[in-house]
Amino acid sequence: MNQSRSFDLTKKPRPGESIIQSLLFLAGVLSIFTTLAIVYELGKEAWLFFGNPDVTFAKFFGTTTWQPGIGHFGIWPLVTSTLITSLIAMFVSLPLGLSAAIYLSEYASPRARSALKPVLEILAGIPTVVYGYFALLFMTPLLQSIFGEKVEVYNMASAGIVMGIMILPLISSMSEDALSAVPRVLREGAYAMGATKFETSVQIVLPAALSGIGAAFIIGISRAVGETMIVAIAAGSGPNFTFNPFKAAETMTGHIARISGGDLSYNSIDYNSLFAIALMLFLVTLVLNLVSQWVVNRFRERYE
Amino acid sequence: MQNNQTPEYAIETKDLSIHYGSFVAVSNVNIKVERLKITAIIGPSGCGKSTLLRAFNRMNDFVPSSHVTGEILLHGQNLYGKNVDPVQVRRKIGMVFQKPNPFPKSIYENISWGAKINGFKGNMDDLVEQSLRSAALWDEVKDKLKKSAYELSGGQQQRLCIARTIAIQPDIILMDEPASALDPISTLRIEELMQELKKNYTIIIVTHNMQQAARVSDYTAMMMIDDKRSGGVIEFDDTKKIFTRPKDKRTEDYVTGRFG
């Protein structure tokens, strides 16, 4: 063996490495920059709206009619309908999605799982415009046949339910990932104590997977709040301050879509109001995110 | 059903074989495990020690292709009989695993959960204290019962797992290499604890550490694979005999460290 073999420990230039690093960095910066740019643009235009002498915060948050053209600036009818449709969507998608996830992760045989997962993923691939007409032409008549005349042709309930169906695959597939990530030894520990499958799934696996399920919930509710096509088609056009889900009421997104599709002159009060609504939408999503995150951190059970 | 079973045996196997699909993982085991003693199962890796242990509380049921032939008798009842509920079996035969696996709940809830799902109606605080005392853990955790079990050290976590098993009052405790993930001092504490526990419980322990088997157990089952790669018990006797005057040449080679 060659005892006097020399080792070269000097630095080697690796141009590829630094190019890749800068490209990755740029990709990260780009997404942050885009977000900031959107917030800036929203804020700038909304500023013009709030700068209008007719608009006050007291009117914006204190009244319940939204008709900027004739001087009514109460944001609440748009906010409540957005919250009601989103809430209905979550009431549909969370229990169903979570149950499907528990079934897929804890109960289903490998064969059942490989048959069911693609079907759920097809649901996720349906265009929202199709969902919109599904709500209008199938869900609304169905609700009318159950609850009768009080269900209007355009209503928040059918839009919300169908939105829930749209979000379902997202909730179930993200929750299933979270449940499957819980170590097998925890399940074994529970079974070895004489726990049934149901006790193990619900009392041991589910709490341990709560952070992932919470993330699914947050993304789900953000999708619901931001969803436009379904509510634009099925929930009604025209702001309406009501808490009755069977009545028609326009959501923030639906309103923006309808008004911006019309003939708007730049810097008119209607035009500027859209940015105020969008900013409000942004805030609602942000608050819902923060609240859900807090809830998840409060109740999750951390395993290492 | 037999009524003439001698009471000093906690559990016994009759021609027990464990299959994975067409593969026979463990074949023809006939052992009688004495009550309130520690029985060790030793043998080289892959000889079916854990598989055999997991047959005692039907944990192998979770492996889809597995099935069992022969019998495991607990007080004369075959654990693999037609009307036997595996959940009930596991309430009678507890298990401690290789890696500590406390639930991601508080120390208190780790003990109380098993009792709760088993329909315990008594004073939970007392049960928790008593179980932790029996597992020699009470003094270390009595001031932080509401803290997460994951704040404990590995050795403490393993004793917590023993405590939660004791809390459901099983007849038999199975231990699958309970100290293999622990440092020597924690290992010693677990071994001392086993000597305490054997006053009230029958213990079956799988270990790949022969010194440990020699130190803690009263009886030892030596397992080895045959030419078809099926594991089997080649010798089952007093631990002293197994380690000093084994009958089987392969046992002697193994315990004297000539291979494995």
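Biologist: Which residues of α3(B) are buried, and against which helices do they pack?

Modeller: This is a predicted model, in which local features need pLDDT of at least 70 and side-chain atom pairs count only at pLDDT 80 or more, while totals for chains, interfaces and linings use all residues. Residues are numbered from 1 along each chain as its sequence is written, and chains are lettered from A and ligands numbered from 1 in the order in which they are written.

Helix α3 of chain B spans residues 107–117; helices here are DSSP runs of H or I with at least four residues, strands are runs of E with at least two, and both are numbered from the N terminus. Eight of the eleven residues of α3(B) are buried, which leaves the helix mostly covered. A residue is called buried if 20 or more other C-beta atoms lie within 10 Å of its own, exposed if 12 or fewer do, and partly exposed in between, with C-beta atoms placed from the backbone. The buried residues are B:I107, B:E109, B:N110, B:I111, B:S112, B:W113, B:G114 and B:A115, and they pack against α4 (124–134), α5 (138–141) and α6 of chain B.

Two packed helices are described by the angle between their axes and the distance between the axes. Axes are lines fitted to C-alpha atoms, for helices over the stretch in contact, and angles run from 0 to 180 degrees between N-to-C directions.

Taking α6(B) (residues 154–167) to begin with, its axis and that of α3(B) come within 8 Å and cross at roughly 30°. The two helices therefore count as roughly parallel, since that word covers angles under 35 degrees, with over 145 being roughly antiparallel, 65 to 115 roughly perpendicular and the rest oblique. On the α3(B) side the contact involves B:I107, B:N110, B:I111, B:G114 and B:A115, which meet B:L160, B:A163, B:R164 and B:A167 of α6(B); two residues are in contact if their C-beta atoms, placed from the backbone, lie within 7 Å. By class, six of these residues are nonpolar, two polar and one charged, where Ala, Val, Leu, Ile, Met, Phe, Trp, Tyr, Cys and Pro count as nonpolar, Asp, Glu, Lys and Arg as charged, and the others, Gly among them, as polar.

Turning to α4(B), its axis lies 10 Å from that of α3(B), and the two helices pack at an angle of about 110°, so they are roughly perpendicular to each other. This crossing of α3(B) and α4(B) is right-handed. From α3(B), the residues B:Y108, B:I111, B:S112 and B:A115 make the contact, and from α4(B) the partners are B:M124, B:L127, B:V128, B:S131 and B:L132. The contact of α3(B) with α4(B) comprises seven nonpolar, two polar and no charged residues.

Beyond its end, α3(B) is followed by B:G119, whose phi is positive, near 80°.

Technical notes. A crossing is left-handed if the near helix is turned anticlockwise from the far one by less than a right angle, and right-handed if clockwise.
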